[in-house]
Amino acid sequence: MAQRTPIESGVPDNKPYMHPTMLKNYGNWRYHDRPRPGVLHHVSHSGDEIWTVRAGTQRQMDVYTIRKLCDIGDTFADGHVRFTIRSNIEFMVADEKKVAPLIEALSSNGFPVGGTGNSVSMIAHTQGWLHCDIPGTDASGAVKALMDDLYEEFIKEDMPNRVHLSTSCCEINCGGQADIAIIVQHTKPPKINHDLVANACERPAVVARCPVAAIRPALVNGKPSLEIDEKKCMCCGACYPPCPPMQINDPEYTKLAIWVGGKNSNARSKPTFMKMVASGIPNNPPRWPEVSAIVKKILYTYKEDARSWERVSDWVERIGWPRFFEKCDLPFTKYLIDDWRGSRASLNASTHIRF
Amino acid sequence: MAKPQHPTPMLDELESGPWPSFVTGLKRLANDKDYMVDLMGQLETSYRTRKGYWKGGTVGVFGYGGGVIPRFTELKDEKGAPVFPDAAEFHTLRVQPPAGMHYNTAVLRKMADIWEEHGSGLIAFHGQSGDIMFQGAKTNKVQDAFDALNELGFDLGGAGPAVRTSMSCVGASRCEQSCYDESRAHRQVLNNFLDDIHRPALPYKFKFKFSGCPNDCMNSIQRSDMAVIGTWRDNMRTDEGLARKWFAKHGMNELVNDVIARCPTKTILLKEIKDVATGPKISSVAISDTHALEIDNSNCVRCMHCVNVMTGALAKGVDTGASILIGGKRTLKIGDLMGTVIVPFMPLKTDEDYDALVELGQKVIDFFAENALEHERTGEMIERIGLVNFLEGIGIDIDANMVATPRTNPYVRADGWDDEVARINAKKQAA
């Protein structure tokens with residue numbers, strides 16, 4: 001049978017999908033305000049206006065959910081939607097009168113309207129047990145459990161500034177930098193199935209993958225395999241994707257860690273990387289209550305203590321790390337002092353100390 | 001009607017609560033598809049044992065070397081047969097979104113129909129690289145699904161050591177802070193690299209991301225090898241009507257504490273109107289009958305904070321373009337790297353400007369392809385060879401905007417210093 005040659009069309013043109021008011025005022029917007037949480041109101045230099053209603057989704061959507069959102073878009077909006085980077089859906093309307101019925105339709109169908117301004121937006125997340133080949137935990141479930149708890153913070157704008165959350169099912173951190181991030185932290189070296197290494201793994205590539213040079217080729221039981229210097233290994237799991245017989249995931253010893261203070265925006269301070277502040281948290285499906293408790297403790301301490309427009313990183317910068325740990329009731333352990341390359345830059349080279 | 005569903009007591013607990021439940025969605029699909037009945041069986045097993053059960057493999061479509069993420073079950077009984085045979089294959093198609101992730105309901109309905117027919121019926125909008133992820137198809141259905149999506153005008157994204165799918169912000173289509181045509185840049189750059197997207201042959205992945213202003217809503221500085229971040233060179237614009245309206249609503253405390261005190265370079269001042277300076281680099285705007293804001297644009301770092309707080313009252317300039325930052329990535333292998341500046345400003349207005357952006361991307365990727373080690377990201381390569389070697393390789397002159405500080409150690413052989421000064425001076429005189 002003849003094979004169909006693909007049409008290498010790449011990135012499709014977005015113009016046919018764009019709301020006509022957006023198309024007409026492309027590059028000519030003047031300002032925006034937020035009439036209420038979940039609604040953006042943009043005004044063009046031409047005088048045209050557009051209202052955007054933002055709603056949370058579960059990201060992994062079944063076709064029935066997608067069709068329901070399309071029904072709402074056709075009946076209550078203008079048939080044009082877009083998605084945000086955090087998997088929220090946005091409906092655009094050119095008539096203010098359509099806003100209230102649209103919100104009602106979304107809410108009554110179970111889609112929370114919010115995620116704008118100083119809210120806690122939807123958690124950027126990864127695939128987890130549903131689809132990934134190396135996951136230490138699930139993503140959709142932990143996100144669902146946490147968003148259930150943070151629902152009120154999504155539909156309101158009560159935070160000092162916007163709050164971005166992410167989750168990641170391994171230390172590769174596909175979920176990305178965030179104000180508060182939940183990331184798998186393995187605590188034991190991989191368990192090697194020596195019978196399979198020779199056939200499944202390109203051994204020099206695996207050796208090269210290790211950040212601390214803890215892996216070396218070895219002959220085990222007469223078979224070419226790999227061995228790990230367990231004193232050097234810091235259990236990052238980098239060897240596992242290129243060599244699945246080096247199983248890093250463990251039902252008990254794969255833990256979760258919490259990181260805070262990532263910020264990609266250049267607003268105020270330069271962008272920052274997040275820092276690890278808690279680890280050793282059990283990987284406890286289906287609702288990961290221990291994770292949610294720590295995230296909420298940090299989040300509500302920030303909400304209480306930060307000044308307006310401070311992101312989590314700005315807040316910690318102002319109050320200092322010792323007070324962050326004190327206020328959030330988190331132990332500061334030796335594992336939180338960096339010893340990777342460049343680590344001296346993270347030490348306090350000053351007498352700036354708060355008493 | 002599908003076969004009876006497996007008991008899923010743990011997943012069932014994720015059906016309660018106010019946030020939309022993916023489990024409820026999976027169950028709806030499992031009403032009709034044995035495929036999804038068994039998928040839920042495997043997922044429930046993962047929840048119970050706290051282990052993942054997918055392994056990769058090789059599945060693709062005719063003509064391409066990437067874009068499909070193969071998944072075969074490893075959850076097998078003692079005889080080696082899959083415990084959940086109907087979901088033994090669960091491949092994902094990564095499909096590139098339109099720039100800005102705009103859709104209409106008609107095209108979403110068509111995607112849903114295609115995926116209901118050929119796949120699981122589960123679609124993620126969107127994955128962390130920006131792909132629409134059509135999750136769950138059997139090997140013998142992948143080609144049919146792709147053909148239908150391809151006929152609809154969509155194409156596969158990147159996977160493996162390839163140029164990856166990109167993302168761009170809503171930008172010019174709805175944001176007053178947009179400094180270039182993000183959609184155009186996204187589409188023009190990516191579509192120049194289709195061969196590198198579809199046929200993985202680079203040392204490792206390479207990601208572009210496009211943000212229209214320094215708020216960087218696409219998180220490009222931390223997670224793309226080449227970040228295109230909008231900015232402007234001229235003075236900030238002001239709108240007195242909106243400035244007075246803002247002040248009337250928010251008052252002096254907010255103006256001082258939230259706007260002026262938060263300027264990172266203290267370049268914005270509150271003054272009595274009679275004292276406001278004038279000059280080619282000064283922007284000013286009255287906020288009341290007595291007071292005005294004065295901004296020295298020569299010391300503004302375009303951080304966006306005041307523009308974010310007083311939207312419209314303060315606004316970007318009109319001489320707009322982008323800063324280009326190279327080398328951002330997350331931890332593995334050498335640790336987190338931010339993208340760093342290699343082009344402080346690149347105008348993005350004309351056809352030639354956009355062609356120049358594509359050309360720069362091409363040079364960076366060519367150099368990366370030639371010089372990076374296997375599984376080494378661009379930022380790691382630069383860390384290994386030094387920024388100066390990288391810049392010489394792609395033919396870009398150094399600029400003091402590329403560093404946070406000059407070097408803090410003397411470990412450099414500087415016997416070429418005089419020649420270098422002479423070269424810089426000659427270049428200055430020629431310009």
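## A strand pair across the two chains

In this predicted model, A:His80 has B:Asn104 as its bridge partner in β5(B). The two strands involved are β5(A) and strand β5 of chain B, residues 102–104. They run antiparallel and are joined by three bridges.

## The contact between chain A and chain B

On the chain A side, 95 residues are in contact with 105 residues of chain B. Several elements of chain A give two or more residues to this side, including the strands β1 (29–36), β4 (60–62) and β5 (80–83). Among the helices that do so are α2 (63–76), α4 (140–149) and α7 (203–209). The largest share, eight residues, comes from α2(A).

By residue type, the side of chain A that touches chain B divides into 44 nonpolar, 33 polar and 18 charged residues.

## Domains of chain A

The domain assignment divides chain A into domain 1 (15–108), domain 2 (128–187 + 251–338) and domain 3 (191–246). The centres of domain 1 and domain 2 of chain A, taken over C-alpha atoms, are 29 Å apart.

Five residues of domain 1 of chain A are in contact with seven residues of domain 2 of chain A. The domain 1 side of this contact has one nonpolar residue, four polar residues and no charged ones.

## The largest nonpolar core

The largest nonpolar core has 212 residues. Which of them touch the most other members? They are A:Ile180, A:Ile258, B:Ile123 and B:Val228. Helix α3 of chain B (residues 34–49) gives the largest share of this core, seven residues.

Leaving out residues up to four places away in sequence, A:Ile180 touches A:Leu165, A:Ile258, A:Val260, A:Val295, A:Ile298, A:Leu299 and A:Val312.

Methods
Residues numbered from 1 in each chain as written. Chains lettered and ligands numbered in written order. Predicted model: local features only at pLDDT ≥ 70, side-chain atom pairs only at ≥ 80, totals over all residues. Domains from an automatic or database assignment. Contact = placed C-beta atoms within 7 Å. Nonpolar A, V, L, I, M, F, W, Y, C, P; charged D, E, K, R; others polar. Core = buried A, V, L, I, M, F, W, Y, C linked by C-beta atoms within 7 Å. Buried ≥ 20, exposed ≤ 12 C-beta atoms within 10 Å, placed from the backbone. Helix = DSSP H or I, 4+ residues; strand = E, 2+ residues; numbered from the N terminus. Pairing = 2+ DSSP bridges.
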